[in-house]
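Dear colleague,

My notes on it follow.

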Amino acid sequence: MKILVTGGAGFIGSHVAEAYLNAGHDVVVVDDLSMGFRQNVPGGARFVEMSITSDAFTEFVIGERFDAINHHAAHMELRVSVDKPVHDATINVLGSLRLLEAARTSSVGQIILASTTAVLGEFVDLPATEAHPVRPIAPYGVSKRAMELYADYERITHGMSIATLRYTNVYGPRQNPNGESGVIAIFLEKFLKGAVPTIHGDGSQERDYVHVHDVAKANLIALEQRVSGTYHICRNSAASVNDVVAALRAALGNQNDVHHGPAKAGDPARTRGSHDAFTSFTGWRPQIELADGISQTVDWFLQRGRT
Ligand SMILES: NC(=O)c1ccc[n+]([C@@H]2O[C@H](COP(=O)([O-])OP(=O)(O)OC[C@H]3O[C@@H](n4cnc5c(N)ncnc54)[C@H](O)[C@@H]3O)[C@@H](O)[C@H]2O)c1
């Protein structure tokens, strides 16, 4: 299949592009390199530097006649979304809508959208299933929810096949340690530079971390099985920030210092998702345990430092 991967120069999109190439597909990556890196684009993929918010992007999608589109390009810095919601919405709402419209015009057979459990807002039921109330509490979650609603509209009204995959906290090789989210990459980079990371609060807050290789596999299965609908992609297994620090220290083989600062306002105590619906439908299961995934991520960061 000829597949467009948007955001394929970023963290998750580059792994998805790689999984598609390994499965024998013809992959085209579109990314404006605002947050991604040219060297993340896997060899074998065609790279086009372009913004998904441009008219040129619409013309490009229609002209190329893709069989499938996997959409990972997004603005995803939560704090920036609070300060500049119009910027966030321009990419996440209007860019995604532009993509859906161009895909419908050119009869793309399968679409996969990267969404987030940030659309849920406060987690009131754990583990959160797809029936969990949706009440996003930051513009980033609102913009991703708007994308989901446009996908629902296209599915219901125009019969498009669209898988909306909501991830919890993704981690692994190539995660940008200079972003504001991604505690594993951020803490790891600080440890490797001899800096002391700050844990907000006592470190007991729990998150559901899923490895990027498991996420890429879910994207491959969503393509192959032509999944349509909204699904949670997660591990249903929560680890605290203190657990993450302990796993990083074990993988690095030393007792790096951490600093405790004030808890962040609005930081939920626990998040955890259920992947039962996606597992029942497709057979996918997360394979990588957190300690193994962290150890493998540490190896990648160390290796990168030597290249
Ligand atoms: N990392 C996570 O834990 C996580 C969790 C839930 C959902 N997601 C979603 O997964 C997707 C990928 O996230 P990531 O962690 O790989 O982030 P990332 O920043 O590494 O990747 C996003 C890519 O999109 C590109 N991009 C941004 N604006 C663009 C534009 N206007 N036109 C073209 N390209 C543009 C960036 O340059 C970057 O390469 C996003 O949609 C995000 O909302 C990520």
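At what angle do α1 and helix α7 pack, and how far apart are their axes? The model is a predicted one, in which local features need pLDDT of at least 70 and side-chain atom pairs count only at pLDDT 80 or more, while totals for chains, interfaces and linings use all residues. Residues are numbered from 1 along each chain as its sequence is written.

The angle between α1 and α7 (residues 212-224) is about 55 degrees, with the axes 9 Å apart; axes are lines fitted to C-alpha atoms, for helices over the stretch in contact, and angles run from 0 to 180 degrees between N-to-C directions. The two helices, α1 and α7, are therefore oblique to each other (under 35 degrees is roughly parallel, over 145 roughly antiparallel, 65 to 115 roughly perpendicular, and the rest oblique). Helices are DSSP runs of H or I with at least four residues, and strands are runs of E with at least two, numbered from the N terminus.

Residues in this contact include Phe11 and Ile12 of α1 and Val212 and His213 of α7, where contact requires C-beta atoms, placed from the backbone, within 7 Å.

The ligand is surrounded by 28 residues, the closest being Gly7, Gly10, Phe11, Gly36 and Ala74 (C-beta atom, placed from the backbone, within 6 Å). Elements giving two or more residues to this shell are α1 (11-22), α4 (85-105), β5 (110-116) and β7 (169-171). The largest share, 3 residues, comes from α1.

Between the domains, 16 residues of domain 1 are in contact with 13 residues of domain 2. Both α1 and α3 (78-83) supply at least two residues each to the side of domain 1 that touches domain 2.

Yours sincerely

Note on methods. Contact = placed C-beta atoms within 7 Å.
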